[in-house]
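Reader: I would like to learn how to read the packing of side chains in a structure such as this one. Could you take me through it feature by feature?

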Amino acid sequence: MSSLEDVYEQWQNNAEFRAQFKINPEEALKKANLELNADDFSKINVLINRKNQDSENDELDGRISK
C-alpha cells in the first residue's frame, strides 16, 4: 500500500502523472504503481479537485478583470 507522501512525490516530480491524475486518478495511480486505501484516495482526490478549482477560478478572475 502506498502513502499519501508517495502520491505527493509523484505529483511534485512528474508532470505526466499530474495531467493523468486530473483526468483519471485511478488510472494515474495504477500506471505509477501506487495503491491507496479508500480513505487516502478520497483525501487526495478532494485536495486535487480543490486545487484545480482554485486554479480555474484564478484564470477566470484574470479574464474578468481585463
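Predicted model: local features only at pLDDT ≥ 70, side-chain atom pairs only at ≥ 80, totals over all residues.

Reader: Which residues make up the largest nonpolar core?

Author: A nonpolar core is a set of buried Ala, Val, Leu, Ile, Met, Phe, Trp, Tyr and Cys residues joined through side-chain atoms within 4.5 Å, where buried means under 20% relative accessible area, exposed over 50%, and partly exposed in between, for a 1.4 Å probe and protein chains only. Here the largest such core has eleven residues, namely Val7, Trp11, Phe17, Phe21, Ala28, Leu29, Leu34, Leu36, Phe41, Ile44 and Ile48. Helix 1 (4–13), helix 2 (15–23), helix 3 (25–31) and helix 4 (38–64) each supply at least two residues of this core, and the largest share, three residues, comes from helix 4. Helices are DSSP runs of H or I with at least four residues, numbered from the N terminus.

Reader: With what is alanine 28 in contact, leaving aside its neighbours within four places in sequence?

Author: Contact means heavy atoms within 4.5 Å; with those neighbours set aside, alanine 28 is in contact with Phe17, Gln20 and Phe21.

Reader: How many aromatic pairs does a search of the whole structure find?

Author: Rings of Phe, Tyr and Trp (its six-membered ring) pair if their centres lie within 6.5 Å, and planes under 30 degrees apart count as stacked, over 60 as edge-to-face and the rest as tilted. The search finds two pairs. In one, the rings of tryptophan 11 and phenylalanine 21 have centres 6.0 Å apart and planes at 85°, so the pair is edge-to-face. Because tryptophan 11 lies in helix 1 and phenylalanine 21 in helix 2, this pair ties together parts that are ten residues apart in sequence. In the other, the rings of phenylalanine 17 and phenylalanine 21 have centres 5.7 Å apart and planes at 45°, so the pair is tilted; both residues lie in helix 2, four residues apart, about one turn of the helix.

Reader: Is asparagine 33 buried or exposed?

Author: Asparagine 33, in the loop between helix 3 and helix 4, is exposed, with a relative accessible area of 69%.

Note on methods:
Residues numbered from 1 in each chain as written. Heavy atoms only, no water.
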